[in-house]
Amino acid sequence: MFYIKKLAKMIFSIFLIGTLSFLLLEMIPGDPASAILGVESTPEDIELLREALGLNKSLIVRYLTWGKGVLAGDFGNSFKYSEPVVDLILKRLPLTLEIALISIGIVFLVSVPLSFLLYKIKNKHVKKIGDFMIGVFISVPSFWLGIIFMFVFGVILRWFSVGYNNTFASLILPCVVIAIPNIGIITSYIKSNLEYEMREEYIKYLYVNGLKMKWLNLYILKNSILPVVPLIGIMIIDLITGIVIIEQIFSIPGIGRLLITSVVTRDIPLIQGLIFYTSVVLVLINFIIDILYSIIDPRIRGGE
């Protein structure tokens, strides 16, 4: 029953996201046909284009047509590129996913050992400096960090390319910029959980019974990371929103840059397709995380 409820919520969320994205974009003032043809276009040309794009039909007819196309995996053609929206998204999606996966890898490779390091520090002054740095990591805006890193490591030191040049090395700098705020968030949570777990009775029992410290640390780490699992969904949402900005700064031809272009040109089919695709990906990821979390901790299925 737990899994059926989660599946039903996921399907309803996808339906609601699709409907709201369609209606909100339809309510935006302005005429896409006028935006495409420009200010020097004649009313006759605008009307012909509106008819060709199906913009002269009623809202309900357009919604039903769009919904039918979505179920068939067809979001129509882009106004700007004159290509199927699905093809445009699939061309850009792999690069954006690559950036997201590299960023997530950096976050966990840094956060777990950093959490243990900060937890083990006994000096109060050093501990305060560590907590301050975590706060800075969390608070710093990614777009500002991207500009600073580009200037320092790209222009002054020339260690990295200032823009994307179709190589893996050119992705390192934007991935680090995206990862830094999330490193602060995950490190803060794991560190707090480590402090909580260390005060638990089972840790005292295992320690008194002679369990080696390296095995004891594994127990503590496992139970400290468990509450962080639900945050992965939030982190992925933050990654996707951060990628939109970072892709523009570093000239990366991914989903984020495509979204900005589609908004500027009022390419409604492309905007709807991008919003729907990214939202569905987020809903699916959250669904998978909920299922995994319920498997790792069976108490979740019982509502404990």
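Let's start with two helices that meet: helix H8 (residues 169-198) and helix H10 (residues 213-225) pack at an angle of about 120°, their axes 9 Å apart. That angle makes H8 oblique to H10; angles under 35 degrees count as roughly parallel, over 145 as roughly antiparallel, 65 to 115 as roughly perpendicular, and the rest as oblique. The axes here are lines fitted to C-alpha atoms, for helices over the stretch in contact, and the angles run from 0 to 180 degrees between N-to-C directions. The crossing of H8 and H10 is right-handed. (A crossing is right-handed if the near helix is turned clockwise from the far one by less than a right angle, and left-handed if anticlockwise.)

Who does the touching? On the H8 side, Ile-190, Asn-193, Leu-194, Glu-197 and Met-198 make the contact, and on the H10 side the residues include Met-213, Ile-220 and Leu-221. Contact means heavy atoms within 4.5 Å. Sorted by class, the contact of H8 with H10 has 7 nonpolar, 3 polar and 1 charged residues. Ala, Val, Leu, Ile, Met, Phe, Trp, Tyr, Cys and Pro count as nonpolar, Asp, Glu, Lys and Arg as charged, and the others, Gly among them, as polar.

A word on the model itself: it is predicted, so local features need pLDDT of at least 70, side-chain atom pairs count only at pLDDT 80 or more, and totals for chains, interfaces and linings use all residues. Residues are numbered from 1 along each chain as its sequence is written, and side-chain values use heavy atoms, with hydrogens and water left out.

**The whole chain**

Zooming out, the chain has 13 helices and 0 strands. Helices (H or I, at least four residues) and strands (E, at least two) are DSSP runs, numbered from the N terminus. Of the chain's 304 residues, 38% count as buried. Buried means under 20% relative accessible area, exposed means over 50%, and partly exposed is in between (1.4 Å probe, protein chains only). Look at the contacts with a separation of 6 or more, and 72% of them are between residues 24 or more positions apart.

Two packed helices are described by the angle between their axes and the distance between the axes. Here is how that looks for H8:

| Pair | Angle | Axes |
|---|---|---|
| H8 and H10 | about 120° | 9 Å apart |
| H6 and H8 | roughly 135° | within 7 Å |
| H5 and H8 | about 40° | 6 Å apart |

Helix H6 covers residues 124-139. H6 is oblique to H8, and their crossing is left-handed. On H6 the contact is made by Lys-127, Asp-131, Ile-134, Phe-137 and Ile-138, while the H8 residues include Ile-180, Pro-181 and Lys-191. The residues of the contact of H6 with H8 divide into 7 nonpolar, 3 polar and 4 charged.

As for H5, it passes H8 in a right-handed crossing. The contact of H5 with H8 has 22 nonpolar, 5 polar and 3 charged residues.

Ser-115 lies in helix H5 and is buried, with a relative accessible area of 0%. Leaving aside neighbours within four places in sequence, Ser-115 is in contact with Ile-186, Thr-187, Ile-190, Lys-191 and Leu-194. The C-alpha atoms of Ser-115 and Asn-193 are separated by 9.7 Å, though these residues are 78 residues apart along the chain.

**The nonpolar cores**

A nonpolar core is a set of buried Ala, Val, Leu, Ile, Met, Phe, Trp, Tyr and Cys residues joined through side-chain atoms within 4.5 Å. The largest one has 38 residues, and Ile-99 and Phe-250 touch the most other members. The helices that each supply at least two residues include H5 (85-120), H7 (142-156) and H11 (229-249). H8 gives the most to this core, with 11 residues. Apart from it lies another core, of 19 residues, with Met-10, Val-85, Ile-89 and Ile-255 among them.

Leaving aside neighbours within four places in sequence, the contacts of Phe-250 include Gly-146, Met-150, Leu-173 and Val-177.

Most residues other than glycine have a negative phi. Asn-166, however, has a positive phi near 70°. Asn-166 lies in the loop between H7 and H8 and counts as exposed, at 62% relative accessibility. Ser-251 also has a positive phi, of about 55°. Ser-251 is found in the loop between H11 and helix H12 (255-264) and is partly exposed, with a relative accessible area of 34%.
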